[in-house]
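Trainee: Could we go through this model together, setting each value against the definition behind it?
Mentor: Gladly; let us look at the structure and begin with a helix.

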Amino acid sequence: MEFLSLNILIFAPLIVAGIILSPLFPNDEIIVRRFAKGFSGILFIYSILFMIFFKPYNTGYQFKETIKLFSNTNWIEPLGISLSFGLDGISVMLVVLTTFLVMLALIASKKSITTKHKLYYSLILVLTTAILGIVTSRDLFLFFLFWELELIPMYFLISIWGTGKKEYSAMKFVLYTFFGSLFMLGGILLLNYFHFLNTGIYTFSIEALTYSRHYDIPFIVKALIFLGFFIAFAVKLPIVPLHTWLPNAHVDAPTPVSMLLAGILLKMGGYGLIRFNTQMFPEMIKIFAPMLIVLGVINIIYAAFIALAQKDLKLLIAYSSISHMGFVLLGLGALNTIGITGAMFQMLAHALISAGLFLIVGVIYLRTKTRIFSHLGGLGQVMPKAFYFTMLLALASLGLPLLVGFAAEVMIFYGAFTSNSLDGFILSNQFMTALAAISIIITAAYLLWMLQKIFMGNMFEKWQKAYDLTPQEAIALTFLSIPIVLFGLYPEGVTSLFLPFVDNLVSNLAL
Amino acid sequence: MELGLVHYLILVAILFCIGILGLIISRNIVKILISIEILLNAVNINFAAFANFGDLDEAKGQVFAIFIMAIAAAEIALGLAILIACYNNRHSIDIEDYTSLKS
Amino acid sequence: MDFLLDIKTAMLPEAIITFTILVCTVLCFMLKQEKQKIIYLISLLGLIISLTSINLLAANKIFTGFYNSFTSDFFSILMRFLILSGTLLVIIMTKDYSSKFKNRQGEFYLLMLIAALGALLLSGANDLIMIFVALEALSLSSYALSGFLKKDKSSNEAALKYLIFGGASSAIMLYGFSFLYGITGHTNLTEIFTYLANNNTDTMLNFTFFLIIAGFLFKVAAFPFQSWAPDVYEGAPVPVTAFLSTVSKVAGFAILIKFIGLAFNNVEIITVTLGLIALLSITIGNFMALNQMNIKRLMAYSSISQAGFVLIGFALLSYSGISGAIFYLISYLVASLGAWLAIIIFNTQTNKSLISDLNGIAYRNPYFATCFAFCLLSLAGIPVTVGFMAKFYLFHAIVQEGPAYLWLLILALLNTILSLFYYLKIIKAMFVCKQENESFKLNFDAGILNTSLVALTLVVVLLGVLVTPFIEIARDSALSIKLPVKQVGLSR
Amino acid sequence: MEFFINNVWIIPALPLWSFLLILFGRIFNVYENKYISLALTAGSTFIGFISSIFILFYCINNPETSTQYNILWLDTGNLKFSIGWLVDNLAAMMLVVVTSISLLIQIYSHGYMEQDKGYHRFFAYLVLFNFSMLALVLSTNLFQTYIFWELVGVSSYLLIGFWFYKPSAAQAAKKAFIINRIGDCGLLVGTLALLFYSLNWWTSSQNILLEFATLGQAGSLALANAGPVLFGLLALGLLFGPIAKSAQIPLHTWLADAMEGPTPISALIHAATMVAAGVYLIARLYPVFELSPQIMTIMVWVGAITAFIAATIAITQTDIKKCLAYSTCSQLGYMVLAMGVGAYSAGLFHLITHAYFKAMLFLCSGAVIHSLADQQNMKYMGGLRKKIPIVAYTYLIGTLAIAGLFLSGFWSKEAILLSLYIQGKNLLLIIALITAFMTAYYMFRSYFMVFEGEYRGHAHFHKPSKIMTVPLIILAVPSALIGFIFSGSLKSIGIGSFDSFIFYGHALHEAHVSLFLPICSLIIATLGFLLAGIIYWDKLKSLYCNCFKLVEKYFSPLYKLSTNKWYFDDFNNLLIKYLILPISELISIFDKYVIDGFINLCGISTLYKGKAVSLLQNGNIQTYLVTALLSFIAIITVVFLIYII
């Protein structure tokens, strides 16, 4: 398996971005787009190979790689920072998801991106590198670096190709995320310092720091570090008081970027919560589990209610995103295998579904130039394909059995209900889960309302000429639908990838 | 009463305060330049006093004072030159008129 | 012969610069005005030779010479390298800009070289008198330089303000010097430290310390002596502004480091003072920068806040802190020179300096905009640039001091958000905003200015990636200054 | 026989297969021929029907066996979810009912939908429903039930909203789904709670999680763990599922609106099969409900009230389908009532008889509507008996059946009344009898309005095709006879009574020795018939015209209450309009102006702070000097203060 190199996977997009940007590359929209699409397809297939050769039952990282610099030293030897990458149970799924959604976003870019193609496609590829780096890095510093790196392409993507108050939204997104990540930086540095105090070694290696938790860190500092990480991921996930960037960013971003934002970037928050807050601080997460669950339930119900009141299609989907990400928190707070597995699965489910829904929003916006419900209606008659795809996605999103959303929700509900992570807290797990279950009603209400408002009922005369899905859009949606149905029918196809990891995680929690 | 180091220091402190005050309140730029000169000369006295009372062998203080005098002269000369250039442009030596660069 | 030996082992760059100054002076008188462009080349030549001569200095041992008033250690060599390369770039910047100087081009380079010489001497000075003289050499020529556009109202005004403010603060510093002399009876820093190590003179020394740092804070434009900077930066000719915000600051920091050794028995007081000053500089610089419309002014405020970050490193009073500060200084120098270079290219060709004038430039001059953006991102501390590494290294150093310094870390971190906002504002103008009715295209050919901009951008990125050697340089130079500070966090 | 038992999965799998074939056939435009879709649909159901018959016979011959097979669907740590098929008497019975009715309705649909543009789509949905319903019937465990419970819900959503371009249809579909979701939510929470309180039992024994076969033991363990109150809540949650699905009060409002769907759908889903699934689930969960007497009481009263209220509403409906819908609602109330009082077999018996005759009634109404060009209002019908006698007579058979006049409804209703009588629940018995009276009244009313008298409408009449009338005739047979066949009267020729075949715990003993109750109910039904005849049969109407007007005047408030469906819909609308939406608006405003406002305020205030700070930068060098010196002194002072303190 020598041909499987994470370095290639991560840095190839960056290099290709450079190639596209270079003046030698032809400045022809079609060539640029096809080149980028082709590359992303290859990247996706390459990443699939990683998944195929991945051995779920080996604990720890696989495909480990460390780039050495001159004279065979680590990257930043004095600080113990190394350029090391690896895949384990939770990252392998996200890697494939990333390359998959990037490919689809590029496929969906044809109509929605009309200017500055070279810059656009190269920025998407830079973003890909950053996300792949976040997911695969085995070094905290590297993780942080990629975490910050992702901001810049995102800023440009929203502010250049967006609509509406795009500059405001992009700035808000960047500042919010930056704000969160600073707390994480503080946490990283403190962690490093205490590891040094205990061992005399400077290191940022995630493995070393994860398994050194028995070292003597004062409780309050540990709590601070935990919260620092938590805030960073809470902004990204997003968790309710820190969520207000998301509606703005989603509404103003161009369609493919919305897809990536909802599909991958939000998942980075969930990834971080599992990788760091749970894996690295098992004893803290037990203490903070009530916080996770309470925030999760607030997220679910609060955002669902807001979604109910929205008059803008994209805002509705954005708030439904927030609501669905609350499930990740709820599952995580359960601190049992099924709950965390559910949380992971929910990340996958939400990625596929929300990417699809945002694509649909883009499709409709392209035709009608509006996203306000009161201006839409009856489009199902002229756009039957879009209607059926939307129906599938909406049904998946509201947790229809045998589609991907259901498996996730059911695991989370069962996990949260049967967990005892809130023992000693004023509210019981059972009560909180029952509260969260109310959301299945509200979710159904707003999604079906959306479906009714857009596609059903009387049609406005002016939309008579709206055309159905173009081949590109249809292909992207089909690609999204396949896993939605497939993993809905057979969730173990995915869960088996990370189940051993989660088992290991939970058994560590019990220690 | 014999003059001691403390008296010199007090004198210098007073002079220094006068200099600062002049710097702050006078509107005439020439006066401001003179206030800077007062500040530097106060420091000179300090050096001389310290040299006289503490460092009899090498008298580095006095040397320092001479350096300061020379540089102060250069500074004032430069200051006046700049002032002239300013005056040529705006025909004023009131510091209040030199507030076009702000916030 | 002692004297010559000193020069050969420790002061070769200074000597070369002095020689260049002499040559230039003569040429200034001899050459006709049209041919004064030659002086530009000669000063460049002198600087390059002087830069190469740094290699000849013995890097790994400390040399004290010139009647003990000059120390050449690794730190000072590094600083001199930075100063010389900074001056070199500043002079390169003037290539097209110098047409504004009309018939006095020669003088400009002469003054610039004198200022550089002052800065060089300052970075190795080991005697109060030497410090004073070097500082004034730097200051006086800076005053003259900022008022160099005689017919320009704002240039005059800038020079006037600079001179008054500088005069006052150097007087305060001298007042402090006099007390230091009074307390110890010495003007040589080595002797002063030896004396202080053996005698206990707390309160007065603290007072002295405050007075002395006033002069240096002025030089580095840190709070509370920052208010001249925006006005002067705006009014002065752009190359001079670049010089002030880079070379002059480096010199100020170089000498400030020596004085934090005054913190003998009362470490806390120095830490708290410098920490407060640092944070206030960062905060005030950032706050004021938020609303700026003028790039030069914005960069001035940004430079105030950047100086604050360097001061944080000093405030820690540890070698790791100082090495963090040095690394930060290097990163600041590179990125800020790049940014100034970009501004000068823009300003020379269009005579504009508002942010909104940059609107949409990225699509007319992509390379220019990209380079500028990289430099700004480095200043903001975004990967993969040297600024990110520098900030990280600095914060790492803060944490090494233990949880007691967490307040410093948190406030500094919060400030980086503010700074990101206004740097992004420029980037937004370049990449996002639509160009207005009047569109122009910069001439971005392979000229020396543009080449240097691209080169600096490459350095910004490369330093952000290949960071280990530079961390080691920063650390070695910090270790080479023998300071009575904590030796925390420098293990390999 | 064994073959069919072991391969029972074929029954739901074939419809799924047909669904996929139609789906992909449409996507890739493989065929246009409508008969292919029909053949796929009806063929799969036919095979299912044949298998079901075999399975039913097997079960009749081996009444004590129950076969189940499970596949692990999802394995996460200690919770393992399975999907499988369970065949016992109940399931076998339901299979036959579902497949037989489906088959006939599918054939009928061909006639009904032939002209529709969405023909293939209709059959795809239909066959999808078939799959879900059959898989629901075959569920081995509560978890699987939940899955297919929701899937039948979504099929119903799709089919109600089949003509999605009609705003009312879209609205009705949405309403149906959301109200069903309320039930699903209760069901989900109940399931979770049941699992939680008996978790140890499931994990320690190697049983399939939540399987029906051992639900009783798990339930009693849960009762012990949770205590009666929590267990009651748990069971209430579980009961919510059936309440919503079977359209019981207060979640019944969707059923009448669901009539916006094509009529065959109303017949299949909203009369015969899906709505009955609620009762089926109650039967499956009987071991759990039985443990909580309070829940049984609630169930009884929900059923009784629904039966009564729905009947009163049906009295005044003029839309033929709405009338039948409320009738369905009322009959479902009967079933739930029966389940609640412990008349397990009687409830299910009524389910089956009702399925046949109500399906037939709906199909008849469909034929009428179809032949009158989508006219649904009974006021504009009349005298159709002469034009479509087949439909009229089959409708009459159905009416007699549901009214409890000798045909199948009589036997099943009788069983329910009997068990009420035996248990001495006199109040309930009276309610049930009043309901029976009203049932007879409104059914005959509809019959008279549609088929007797003079034609009052204007629509052009055209005869329904054979393909629509043949299923009616076929359905008339079980509608008329099935009650009698399974009543136990034919024991001599080997057909046992229904309650000896399907029972819970132990078979009910033969108790109806008295003829009092049957006669009583027959009299009541006849009275209903007479009243309807008096008012609506033109021949009688003229005689009592004035008297009737007086009555109408006198009872007008009650009349209004009935036509307005007891204001349930209005109440729901008010609830949504004045509670739910304002809450969501409020939260939305809170989010926009408080949370986001706070964030923006931070940003703006920062900018203003910047402006404020830069006021000091006024350009005057002396201000700079003063501020510099003062702040320097301030710093020194602060530091010294800190240092000294």
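**A bent helix and an interface**

Mentor: In this predicted model, α9(D) bends by about 120 degrees at D:Gly227, and a proline, D:Pro228, follows within four residues.

Trainee: How do you know what a straight helix would reach, for helix α9 of chain D?

Mentor: The expected span is 1.5 Å times one less than the number of residues, so for the 31 residues of α9(D), numbered 215-245, a straight helix would reach 45 Å, whereas the end C-alpha atoms are only 21 Å apart. Just after α9(D), D:Ala247 takes a positive phi of about 55 degrees.

Trainee: Which residues of chain A and chain C count as in contact, and how many are there?

Mentor: Residues count as in contact if their C-beta atoms lie within 7 Å, and by that criterion 28 residues of chain A are in contact with 29 residues of chain C. On the side of chain A that touches chain C, α6, α7 and α8 of chain A each give two or more residues, and α8(A) gives the most, with twelve. The residues of that side divide into 22 nonpolar, three polar and three charged.

Trainee: Why should residues 487-492 of chain C not be read in detail?

Mentor: Where pLDDT is low, the predicted coordinates should not be read in detail. Over residues 487-492 of chain C, pLDDT stays under 50, although the model has 13 contacts beyond four places in sequence for them. The mean pLDDT of chain C is 85, and 93% of its residues reach 70 or more.

How values were computed: Residues numbered from 1 in each chain as written. Chains lettered and ligands numbered in written order. Predicted model: local features only at pLDDT ≥ 70, side-chain atom pairs only at ≥ 80, totals over all residues. Bend = angle between axes of the 7 residues up to and from the residue. Contact = placed C-beta atoms within 7 Å. Nonpolar A, V, L, I, M, F, W, Y, C, P; charged D, E, K, R; others polar. pLDDT = per-residue confidence, 0-100.
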